[in-house]
Amino acid sequence: MDESLPEGKLGDEADTLAQKMLTSINDKAWQNTGAVSWGYDDRTYIWDRKRHLTEVIYEGHQVLLDLNNRLGVIVGVNNELTEEEKIEICHWAWRYWCNDSFWLNPISKVFDPGTERRVVDWHGQKALLVTYTSGGSTPGDSYLWILDQNGRPTSWKLWVSIIPIGGMRFSWDKWVELETGVMISTYHFNMVKTIPLHNPVGKTELMEMVGRDIFGPILNASTELVSF
């Protein structure tokens with residue numbers, strides 16, 4: 001089952017295919033989506049995209065993260081935890097966020113700094129191979145996007161460090177349109193592990209979503225933040 005990473009060609013053709021994929025999900029609407037909430041397994045997220053802050057709730061922990069500076073605060077624990085425990089909780093919140101936010105919408109990251117795009121001849125059709133040479137928690141991972149005639153993904157194949165088998169394929173199904181207009185796939189089928197995303201909600205502003213600024217504790221100058 002293990003497949004080698006396919007060879008592809010860098011250049012304008014790959015970039016044009018990537019732009020077509022962005023258009024298919026209305027990436028312009030994603031850029032105007034200021035806040036997103038969703039769930040995966042028993043984890044839930046509220047992501048303030050404008051300020052690069054996120055709330056991660058997992059295993060009973062409510063963690064607020066400053067994504068740019070990798071700082072965090074665990075809400076409601078006071079002195080109940082040691083510094084090492086706080087670092088561990090924030091570290092795992094960060095790891096979960098990196099993985100789960102990537103499944104939410106990696107399409108809009110195809111032109112991120114450190115990405116390489118190649119066009120691949122895959123069973124007689126043009127597919128897009130995207131490699132992340134830097135960034136995130138697992139740089140070096142590659143993804144082959146299989147697209148329909150309109151450029152919208154139907155599946156992708158993975159060559160990633162956390163999966164020992166190269167070329168594992170997941171579907172991109174059950175597309176929904178968020179209130180802001182961006183299209184999100186909420187169901188990724190694989191015979192070994194299927195990944196569903198729960199209740200994605202997109203708003204222009206955080207206040208439209210929750211009615212208050214939930215990130216006060218991490219923005220308060222007197223809060224002792226955890227570096228992880």
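How many bridges join strand 8 to strand 9? There are 4 of them, and they link residues 125–132 with residues 142–147 in an antiparallel arrangement.

## Before we start

This is a predicted model, in which local features need pLDDT of at least 70, side-chain atom pairs count only at pLDDT 80 or more, and totals for chains, interfaces and linings use all residues. Residues are numbered from 1 along each chain as its sequence is written, and side-chain values use heavy atoms, with hydrogens and water left out.

Helices (H or I, at least four residues) and strands (E, at least two) are DSSP runs, numbered from the N terminus. Two strands pair if DSSP finds at least two bridges between them.

Let's look at the partners of strand 8. On the strand 9 side, leucine 128 stands opposite tryptophan 145, and valine 130 has tyrosine 143 as its bridge partner. Strand 7 (residues 115–122) is joined to strand 8 by 8 bridges, again antiparallel, and here glutamate 116 faces threonine 131. The hairpin of strands 7 and 8 has 2 residues between the strands, and histidine 123 takes a positive phi near 50° there.

Is strand 8 enclosed or open to the outside? It is largely enclosed by the rest of the structure, because 6 of its 8 residues are buried (buried means under 20% relative accessible area, exposed over 50%, and partly exposed in between, with a 1.4 Å probe and protein chains only).

Another open sheet has 7 strands in the order 15-2-3-4-5-6-16, with antiparallel pairing. Strand 15 (198–203) and strand 16 (226–227) are the edge strands, each pairing on one side only. Within this sheet, 6 bridges join strand 4 (residues 53–58) to strand 5 (residues 61–66), and tyrosine 58 stands opposite histidine 61.

## Salt bridges

The structure holds 9 salt bridges (a salt bridge is a side-chain nitrogen of Lys or Arg within 4 Å of a carboxyl oxygen of Asp or Glu). One of them joins glutamate 3 to lysine 157, with the closest N and O atoms 3.2 Å apart. This pair links distant parts of the chain, 154 residues apart: glutamate 3 comes before strand 1 and lysine 157 sits in strand 10. Glutamate 3 is partly exposed at 37% relative accessible area, while lysine 157 is buried at 6%.

Glutamate 205 and lysine 50 also meet in a salt bridge, at 2.5 Å from N to O. Glutamate 205 lies in the loop between strand 15 and helix 4 (206–210), and lysine 50 in the loop between strand 3 (43–48) and strand 4, so the pair ties together parts that are 155 residues apart in sequence.

## A nonpolar patch

Finally, Phe189, Met191 and Val192 form a nonpolar patch on the surface, with about 390 Å² of accessible area together. Methionine 191 is found in the loop between strand 13 (183–188) and strand 14 (195–196), and is exposed, with a relative accessible area of 79%. Patches are made of residues with over 30% relative accessible area and no salt bridge, where like charges are joined within 9 Å and nonpolar side chains (Val, Leu, Ile, Met, Phe, Trp, Tyr) within 5 Å. Accessible areas come from the Shrake-Rupley method with a 1.4 Å probe, and for residues only the protein chains shown count as cover.
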